[in-house]
Amino acid sequence: MLNHNFKKKFGQNFISDKNLLKAICNDADINEDDEVLEIGAGGGSLTEALSESAKRVVSYEIDNDLKDHLLSLNLENVEFLFDDVMNYSLDEIEKDFKNGYKMVANLPYYITTPILFKFLKSTKLTSLTIMVQKEVAERMIATAGGKNYGVLSVMTAYYGNAEIKRVVSRKLFYPQPNVDSAIVNITLNHGKTTVKNGDKFYKFVGGMFAMRRKTLRNNLAKFGVNTEKLALLGEDTLAKRAEEFDLYEIMEIYLKLFN
């Protein structure tokens, strides 16, 4: 694979360390009964490891230049789809899976957030185990009051329970990226929260955090909440900043305003 023309636009950084590949499968808790969705087959090293542990793997790869190589691996329980997974709806993707499934992916920075918010909404997916930039992983698991806490932290917690399983050195990739990565496992809670409309809640949380240095009053007023509704929250709440509230407090605020 060293002769492959690596494409920056796809954020291609391949893994070859066998211990790491086995660790990712362990972190994802892949077993012989599991169906797995892989996003970004790359050189196929992780795909091979997944195929050895899982019942079946469906793997998307956007780079058609990798098609001959991946098909030459002759992985009998792997179906390769050479296209951008973002071109498909969840329903179209999930037709390939009979029951629940798990997702495993080595995600480049440019696609991390769109992929997350596409699949976190799934009611068929049971867990995501994703390799992301270490900085992004820290934002995903951050708690209220911390400098990394924001929209991504709140929405990850809204949809599931996230945990950093391990930090991965940049030296284990080829070509070597500029930053270290981390493996994050998210077990989905499938909407077991008091706020049921995730899309509307996402927009609201974005409004709360729109200007981090501003108070909740200023951000919500800019978001379009009128003075009468703002008064329902009380002065103590309105004087705070968004990062001071955890997920459950934010849901309580949302329900007071929009229930």
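## Helices on the sheet

In this predicted model, where local features need pLDDT of at least 70, side-chain atom pairs count only at pLDDT 80 or more, and totals for chains, interfaces and linings use all residues, helix H1 (residues 18–27) lies across strands E5 (101–106), E6, E7 and E9. Residues are numbered from 1 along each chain as its sequence is written, and side-chain values use heavy atoms, with hydrogens and water left out. H1 runs at about 165° to E7; axes are lines fitted to C-alpha atoms, for helices over the stretch in contact, and angles run from 0 to 180 degrees between N-to-C directions. Helix H5 (residues 109–119) packs on the sheet as well, touching strand E2 (35–39), E5, E6 and E9, and its direction makes about 165° with that of E6. Contact means heavy atoms within 4.5 Å. Helices (H or I, at least four residues) and strands (E, at least two) are DSSP runs numbered from the N terminus.

## The sheet

The open sheet has 7 strands in the order E4-E3-E2-E5-E6-E9-E7, with mixed pairing; two strands pair if DSSP finds at least two bridges between them. Strands E4 (78–81) and E7 (160–168) stand at the edges with a single partner strand each, so one side of each has no neighbour in the sheet. Neighbouring strands are turned by 15° against each other on average, direction ignored.

Strand E6 (residues 125–133) and strand E9 (residues 181–188) run antiparallel and are joined by 7 bridges. Within E6 and E9, Ile130 stands opposite Val184.

## Nonpolar cores

The largest nonpolar core holds 56 residues, of which Met103, Phe119, Leu128, Ile130, Phe201 and Ile250 touch the most other members. Such a core is a set of buried Ala, Val, Leu, Ile, Met, Phe, Trp, Tyr and Cys residues joined through side-chain atoms within 4.5 Å. Its largest share, 6 residues, comes from H12. Contacts of Leu128 include Met103, Phe119, Val184 and Ile186. A second, separate core of 25 residues includes Leu20, Cys25, Leu50 and Leu75.

## Enclosed helices

Helix H7 is largely enclosed by the rest of the structure, because 7 of its 9 residues are buried; buried means under 20% relative accessible area, exposed over 50%, and partly exposed in between (1.4 Å probe, protein chains only). H5, helix H6 (134–141), E7, E9, H8 and H12 are among the elements covering the buried residues of H7.

In helix H8 (residues 198–208), the buried residues are Gly198, Phe201, Phe204, Val205, Gly207 and Met208. Their cover includes helix H7 (151–159), helix H9 (216–223) and helix H12 (247–258).

## Salt bridges

The whole structure contains 9 salt bridges, each a side-chain nitrogen of Lys or Arg within 4 Å of a carboxyl oxygen of Asp or Glu. Lys102 and Asp34 meet at 3.0 Å, N to O. Lys102 lies in strand E5 and Asp34 in the loop between H1 and E2, so this pair ties together parts 68 residues apart in sequence. Both Lys102 and Asp34 are buried.

Lys134 pairs with Glu138, their closest N and O atoms being 2.8 Å apart. Lys134 is partly exposed, at 31% relative accessible area, and Glu138 is partly exposed at 29%. Glu235 forms a salt bridge with Arg217, the closest N and O atoms being 2.5 Å apart. Glu235 lies in helix H11 (residues 235–238) and Arg217 in helix H9, so the pair ties together parts 18 residues apart in sequence.

How values were computed. Lists of a residue's contacts leave out its neighbours within four places in sequence.
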